[in-house]
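Please look over the sequence and the model that follow before reading on.

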Amino acid sequence: MINFLNALGFLTVIKIPEKFFLKKEQFSKSLIYFPLIGLLVGIAISLFYVAASYIFPLVLAVILTIGFEIIFTGGLHYDGLADMFDGVFSGKIEKNKILEIMKKSDVGVFGILSIIFSIALKICFIYYIALLNSKNLVTFLAVLIFMPVFGRLSMLYLFSRYGAAKKEGSLAVLFVSENNKKIFIISAFYTIVLFMLGMTLAGVFSGDGAGGTLDWIHLKIGMSVFLFTFLFLILAGKFFTRRIGGITGDILGGICIIVEIFYLFISYLCIKFI
């Protein structure tokens, strides 16, 4: 429970009592709960969307939902996204200079544009997925709920695959442990089980399944989305870590955001064409 509370406090704006704080050397124990915190975030923003959609037109409900997500998570990962793009696309070659740019508190042009485009893309993809499922709210909500889950799972993959780019002074160092690969495997397993269960239930209760029977279309969509999103994560991880030789807190947050966007993109394609 303490590990779960620390993951909740780290990934959202919810404050936990100081008596539950983990010591620095224990931070990695909270990693296994990251996808579950993503699930809670997904449920929260989905409930917000449902409430907002009863009051506002679709596009405004989607915009407000993304705004609520940013507030609920403290905008933590968008800060990392901006620093990641500022550093990686700075034109610098030396690892130390790239890391120095990423460490700066000010945000450059690439950072600002990355935030603007990421929010715009999220709004657009969620809007058009909602349109595709205008008579199928359950499927839309299933997709929306699992968006933050895949984002947080991406962090666990990066921890399992790469070491910290900096040996000290980096947030990533605090979460690195010899159990990271095991934690990722366990988390990936329960994530795919929950995701496939969610897509199955979406098919059964959306009205697509005849008489409430199992809908194989939704299972195909779910499996395709998971596989393509994971493949994208592997490629994104290689691209953004090779310049600095590992991960930082900014890389973790930035990849979390772009994985969420790709997840929405591939979900849109699968729903439209499968």
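Which helix gives the largest share of the lining of the largest cavity? The answer is H10, with 4 residues. The model is a predicted one, in which local features need pLDDT of at least 70 and side-chain atom pairs count only at pLDDT 80 or more, while totals for chains, interfaces and linings use all residues. Residues are numbered from 1 along each chain as its sequence is written, and side-chain values use heavy atoms, with hydrogens and water left out.

Rolling a probe the size of a water molecule over the atoms shows where empty space is left. On a 1 Å grid over the protein atoms alone, a cavity is a set of points where a 1.4 Å probe fits but cannot get out, whereas a pocket is an open set with protein on both sides within 12 Å along at least five of seven lines; lining residues have an atom within 4 Å of a point. Grid points are joined across faces, edges and corners, and a volume is the space filled by probe spheres set on the points. The whole structure holds 1 cavity of 30 Å³ or more, and the space in the largest cavity is about 50 Å³. Its lining consists of Phe150, Leu153, Ser154, Phe226, Thr229, Phe230, Leu233 and Val259. Two elements, H7 and helix H10 (216-242), each give two or more residues to this lining. Helices (H or I, at least four residues) and strands (E, at least two) are DSSP runs, numbered from the N terminus. By class, the lining has 6 nonpolar, 2 polar and no charged residues; Ala, Val, Leu, Ile, Met, Phe, Trp, Tyr, Cys and Pro count as nonpolar, Asp, Glu, Lys and Arg as charged, and the others, Gly among them, as polar.

The second largest pocket contains about 250 Å³ of space. Of the 13 residues that line this pocket, Asn6, Gly9, Phe10, Ile16 and Phe21 lie nearest its centre. Helix H1 (residues 2-11) supplies the largest share of the lining, 4 residues. By class, the pocket lining has 9 nonpolar, 3 polar and 1 charged.

A pair of aromatic rings is described by the distance of the centres and the angle of the planes. Rings of Phe, Tyr and Trp (its six-membered ring) pair if their centres lie within 6.5 Å; planes under 30 degrees apart count as stacked, over 60 as edge-to-face and the rest as tilted. This rule gives 27 aromatic pairs. Phe10 and Phe34 form a stacked pair, because their ring centres are 6.1 Å apart and their planes stand at 20°. This pair links distant parts of the chain, with Phe10 in helix H1 and Phe34 in helix H2 (residues 34-53), 24 residues apart. Phe10 is partly exposed at 28% relative accessibility, whereas Phe34 is buried at 1%; buried means under 20% relative accessible area, exposed over 50%, and partly exposed in between (1.4 Å probe, protein chains only).

Phe150, a residue of the cavity lining, also takes part in a ring pair. The rings of Phe150 and Phe195 have centres 5.1 Å apart and planes at 85°, so they are edge-to-face. Here too distant parts of the chain are linked: Phe150 belongs to helix H7 (residues 137-161) and Phe195 to helix H9 (residues 180-205), 45 residues apart. Phe150 is buried, with a relative accessible area of 4%, and Phe195 is buried, with 1%. Ring pairs also join Phe10, Phe27, Phe34, Phe159 and Phe175 into a cluster.

A charge sits over a ring if NZ of Lys or CZ of Arg is within 6 Å of the ring centre and within 35 degrees of the ring normal. The charged end of Arg161 sits over the ring of Tyr162, 5.0 Å from its centre, and Lys272 lies over the face of Phe273, 5.8 Å from the ring centre.

The last element to consider is helix H4 (residues 76-88). The expected span of a helix is 1.5 Å times one less than its number of residues. The 13 residues of H4 should therefore span 18 Å, and the end C-alpha atoms are 19 Å apart, which agrees. This helix is mostly covered, with 11 of its 13 residues buried, including His77, Tyr78 and Val88.
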